Amino acid sequence: MWLIYGLGSAFFAGVTSILAKCGIRKTDSDVATAVRTIVVLIFSWIMVFLTGSESGIFSIDGRTMWFLVLSGAATGASWLCYFKALQLGTVNQVVPIDKSSTVLTILLALIFLREGISLPKLLAALAIGAGILMMIERKKEGEEKTGKRGWMFYAWGSAFFASLTSILGKIGISGIDSNLGTAVRTGVVLVMAWLVVLAEGKRKEVRRIPGRELAFICCSGIATGASWLCYYRALQLGPASAVAPVDKLSILVTTAFSYVVFGERLTRRAAAGLALLTAGTVLMAVV
């Protein structure tokens with residue numbers, strides 16, 4: 001069952017990137033992140049009450065809550081970096097680097113969760129890493145002078161914090177309902193996102209969000225909520241070293257929609273990297 005939830009997570013995560021990109025053309029990425037987190041939080045708690053797991057909040061022990069808070073903080077940092085990168089770069093530039101969190105997640109799962117690795121899994125991880133490197137676009141002439149490379153810094157930051165999220169989340173949802181765990185950690189993300197907005201003096205920009213972009217931001221939040229619910233249910237049922245790669249298949253959804261919506265095309269090198277990344281991900285999931 002974890003594979004079904006993992007694929008669901010991948011689909012909704014892929015849609016999230018496209019909707020988010022449409023919602024931050026004129027809107028500040030930090031403001032958009034704070035607004036969409038409200039939607040995700042509402043969505044998460046609706047699922048908690050629908051599944052009848054709200055009473056479990058009183059039985060969460062200190063250790064589990066601590067890891068949920070840390071996981072939420074890592075998620076918040078990853079989101080802020082990711083949507084800033086999307087605002088500065090193209091979808092096909094940012095997403096491959098963000099997916100590099102898969103390799104780091106596998107390493108952290110080996111170290112902290114004691115999840116074993118076989119030769120096929122090692123080969124799969126190498127394929128994923130090689131595919132990501134092939135998809136990362138080479139520096140173009142004049143980009144440093146124009147400042148267009150800033151997206152890469154934020155994209156790598158997103159990948160780093162996303163890998164921490166997977167490990168901390170895996171530990172944090174042990175012994176509690178995955179929907180409840182998702183809702184609690186989303187509250188942490190909400191607080192973190194709005195603290196950033198207030199600290200940067202961007203509170204007034206919330207009222208200036210164009211109606212069309214606000215709709216895309218809200219839809220992005222709903223897609224994120226659906227992805228999270230699927231992802232953490234998959235983490236609860238399966239190993240983190242296998243769930244994380246399946247979730248990263250969202251890159252296929254993102255690539256397809258980025259071509260249809262934004263007209264972004266992959267180079268032959270990037271297309272070959274995508275095929276290698278996908279093959280490694282599938283191998284990781286089945287071995």
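Q: By class, how many nonpolar, polar and charged residues does the lining of the largest cavity have?
A: The model is a predicted one. In it, the lining of the largest cavity has eight nonpolar residues, eleven polar ones and six charged ones.

Q: What volume does the largest cavity have?
A: Its volume is about 440 Å³. The count of cavities of 30 Å³ or more comes to one.

Q: And which residues of the lining are closest to the centre of the largest cavity?
A: They are Ala 13, Trp 79, Trp 228, Asp 247 and Lys 248, out of 25 lining residues.

Q: Which elements give two or more residues to that lining?
A: Helix α1 does, and so do α3 (62-88), α8 (150-172) and α10 (211-237).

Q: Back to Trp 79. Which charged end sits over its ring?
A: That of Arg 36, which is 4.6 Å from the centre of the ring. Trp 79 is also among the lining residues closest to the centre of the largest cavity.

Q: Now the aromatic pairs. How many does the structure hold?
A: There are five aromatic pairs in the structure. One of them joins Phe 153 and Tyr 154, with ring centres 5.4 Å apart.

Q: Why is the pair of Phe 153 and Tyr 154 edge-to-face?
A: Because their planes lie at 80°, and an angle over 60 degrees counts as edge-to-face.

Q: Which other pair is edge-to-face?
A: Phe 160 and Phe 161 form such a pair, at 5.2 Å centre to centre and with 70° between the planes.

Q: What about Phe 160 and Phe 161, partly exposed or buried?
A: Phe 160 counts as partly exposed at 42% relative accessibility. Phe 161 also counts as partly exposed, with 27%.

Q: What separates the C-alpha atoms of Leu 3 and Ser 17?
A: A distance of 21 Å separates them, and the two residues are 14 residues apart along the chain.

Key
Residues are numbered from 1 along each chain as its sequence is written. This is a predicted model: local features need pLDDT of at least 70, side-chain atom pairs count only at pLDDT 80 or more; totals for chains, interfaces and linings use all residues. Side-chain values use heavy atoms; hydrogens and water are left out. Rings of Phe, Tyr and Trp (its six-membered ring) pair if their centres lie within 6.5 Å; planes under 30 degrees apart count as stacked, over 60 as edge-to-face and the rest as tilted. Buried means under 20% relative accessible area, exposed over 50%, partly exposed in between (1.4 Å probe, protein chains only). A charge sits over a ring if NZ of Lys or CZ of Arg is within 6 Å of the ring centre and within 35 degrees of the ring normal. On a 1 Å grid over the protein atoms alone, a cavity is a set of points where a 1.4 Å probe fits but cannot get out, and a pocket is an open set with protein on both sides within 12 Å along at least five of seven lines; lining residues have an atom within 4 Å of a point. Grid points are joined across faces, edges and corners, and a volume is the space filled by probe spheres set on the points. Helices (H or I, at least four residues) and strands (E, at least two) are DSSP runs, numbered from the N terminus. Ala, Val, Leu, Ile, Met, Phe, Trp, Tyr, Cys and Pro count as nonpolar, Asp, Glu, Lys and Arg as charged, and the others, Gly among them, as polar.
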